[in-house]
Amino acid sequence: MKKLTELKKVVSNPYAYVRKYKKQSGKKVVGYFCSYAPEELIWAAGALPLRMFGTSENIHLADTHLQSYCCSLVRGILEEALANRLDFLDGVVFPHTCDSFQRLSDIWRLNITGQFHIDVVLPVKLDTPSAKRYLYDVLEKFRKDLGDALGVKITDKMLAKSIKTYNKIRRLIATLYELRSKNPQILSGADFHAIIKAAMIMDRDYFLEALSEIVGQLKKAKPAKATGGAKRLVISGSVCSHPDIYDIIENSGGVVVGDDLCTGYRYFEGIMDEKKPPLKAITKRYLDRIICPAKHFQLKERGENLIRTVKKSKADGVVFLLLKFCDPHAFDYPYIKEMLEAKKIPCLLLDMEAELPPVGQLQTRFETFVQIL
Amino acid sequence: MRTAGIDIGSITAKAAIVENGKILNTKVIFTGYNAEAAGLKVYEEVLKENSLSKSSVRKIVSTGYGRNSVKFADKSFTEIMCHAAGAHHLNAHIRSIIDIGGQDSKAIVLDDQGKVKNFVMNDKCAAGTGRFLEVMARALEVNLDEFGAISIKSKNPSKISSLCTVFAESEVISLIAKGEKRQDIIAGIHESIAARVSSMSARLGITEPIMVTGGVARNIGVVRALEKKLGMKIEVSSYAQVTGAIGAAFLAASL
């Protein structure tokens, strides 16, 4: 698949893609930091929303600003900025989620110059009537601040167009998840991961086109011979930017059939109502989407969602990939684990940093987990 | 039926030959640089000691971090699966295993069939492993094999607070400089390993009867310190170091 090869090339070097894209299209590029950033507005304003993923380089510049108890994602993103590798950004958008990202926003404002900086102060509790009114106001303010920063007036018409694009992408990604859940062998985990990551990097119109083509081809693809009894796993955690982990899981006799990740299903889930006034539709999507542990929506929603995901994808077990020092996820883990155990769903906990633990030991864990399932 | 298990660990390579449910022989050598060669060598040696030919062995299972470099094995299983199988065959009542090896430590909970129910693995840090003890033995100029016997004489174990092997070594060196007794320092080292391993095991929720396996199980000082920390009785088999290889040989019999 030509389009898939193209996406993989972009994902292997996002900065090169973005630099070239910026030069060719003249568009502005806006960095954002988590899946709660309302990127539909950024795209509507005619700028490219670019998700920040951290770094694979050694972190040393960021350590002069951040304590070692900050997660490697936050430290890695700051490292990239301090090392001037993000100088193509015209602006950044920090949604209010975990503490470390709030502090990163402050440090960024003090140390990274030459770009606009917007904090989107989202509500924490999402299941109250006041949250709905408040979030709408926040997004209205964001629309104005972003428009001012980019020198455009973001109209309802622009928003409606962006909503349509995102809805199409999200429907196709949902189809992709279903196709792979039914026939995991039609697409390797690493390739699947590349597609998902490309969605947060590329020109969204072009990505939609590429995605339609890929999904169209996969729908027609006859599954290769069945992967003799591979165990079906759901991954839960925050970001997972390790394509290698999918290979290691597949080499251990497992296959990922679903996820609850910030760089996965949580990012795509939720179609916006195209009949509603656009900002209201966006507001509703951010209130209703699957929450992350930095947000509150009833007491056990995250656990219940994970159990629903396991059932829907007919998974044999759950792998928690938790970033070390990510306290929101670490606080949620014990209760979710208990809920899974009560439903007799086996789980494996792996805590990791931007760098994966040695492959040998990771493989031992996955192989054992798959063997006891 | 005769089967073999080969366990390639980070420090030592182990082999076991099992025949009709009985352990015929076991062998331990150093792994060294070439895991593949070590696997072949330990296998040939264990056979030679019993004057057995390769063709008389029906099936071979490999395990340990070097399991995939044992090209002559019929199948490989992780060391977690093999320690469980080995411990179960050595004592069917065992419900939890603490395996302290050269480069990592693991706690494993078994069901009443001897199958792995749950496990946890420490691979972040060398404290709590055999490598930690090797480093300390060098600093103290004591043969590692004597560590256990020396430490149980201690009435007042030293405190080692560093969690990192490198810093713990400098802490030990300053204890030596302060003139603390060797037996107290060694007992302190054992307590610090026990503290690491027991907190990991407690989080997993281990239950008695417990067996300690892996090379470090040969050190009675560590085993006693673990019993004290966990408040539980621990069993040690004379086959502790080769439990994984024995388990592999038993798993080979059921292939």
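Where does Ala253(B) lie? Ala253(B) lies in helix H8 of chain B, where helices are DSSP runs of H or I with at least four residues, strands are DSSP runs of E with at least two, and both are numbered from the N terminus.

## Basis of the model

This is a predicted model, in which local features need pLDDT of at least 70, side-chain atom pairs count only at pLDDT 80 or more, and totals for chains, interfaces and linings use all residues. Residues are numbered from 1 along each chain as its sequence is written, while chains are lettered from A and ligands numbered from 1 in the order in which they are written.

Ala253(B) counts as buried because it has 20 C-beta neighbours inside 10 Å. The classes are buried for 20 or more other C-beta atoms within 10 Å of the residue's own, exposed for 12 or fewer, and partly exposed in between, with C-beta atoms placed from the backbone. Ala253(B) touches Met1(B), Thr3(B), Val18(B) and Lys59(B), leaving out residues up to four places away in sequence; contact requires C-beta atoms, placed from the backbone, within 7 Å. Val18(B) is 235 residues from Ala253(B) in sequence, and their C-alpha atoms are 8.4 Å apart.

Lys23(A) belongs to helix H2 (residues 14-25) of chain A. Lys23(A) is exposed, because 10 other C-beta atoms are within 10 Å. Its C-alpha atom is separated by 20 Å from that of Val152(A), a residue 129 places away along the chain.

## Nonpolar core

The largest nonpolar core has 190 residues. Such a core is a set of buried Ala, Val, Leu, Ile, Met, Phe, Trp, Tyr and Cys residues joined through C-beta atoms within 7 Å. Ile195(A), Ala198(A), Ala4(B), Ile6(B) and Ala249(B) have the most contacts inside this core. Helix H8 (residues 243-253) of chain B gives the most to this core, with eight residues. Domain 1 and domain 2 of chain B each supply at least three residues to this core.

## Strands

In chain B, an open sheet of five strands has the order E3-E2-E1-E4-E5 with mixed pairing; two strands pair if DSSP finds at least two bridges between them. Its edge strands are E3 (22-30) and E5 (75-76), each pairing on one side only. Strand E2 (residues 12-19) of chain B runs antiparallel to E3(B), joined by eight bridges. Within this pair, Lys14(B) has Val28(B) as its bridge partner.

In chain A, strands E7 (residues 317-323) and E8 (residues 347-352) pair in the parallel sense over six bridges. The chain passes from E7(A) through helix H14 (residues 327-342) of chain A to E8(A) in a right-handed β-α-β crossover, meaning that, with the strands pointing away from the viewer, the path from the first strand over the helix to the second runs clockwise.

## Domains and chain contacts

Chain B is assigned domain 1 (1-91 + 242-255) and domain 2 (94-236), with bounds from an automatic or database domain assignment. Their centres, taken over C-alpha atoms, are separated by 25 Å. Twelve residues of domain 1 are in contact with 17 residues of domain 2. Helix H2 (residues 79-90) of chain B provides the largest share of the domain 1 side, six residues.

Between the chains, ten residues of chain A are in contact with twelve residues of chain B.

Note on methods
Contact = placed C-beta atoms within 7 Å.
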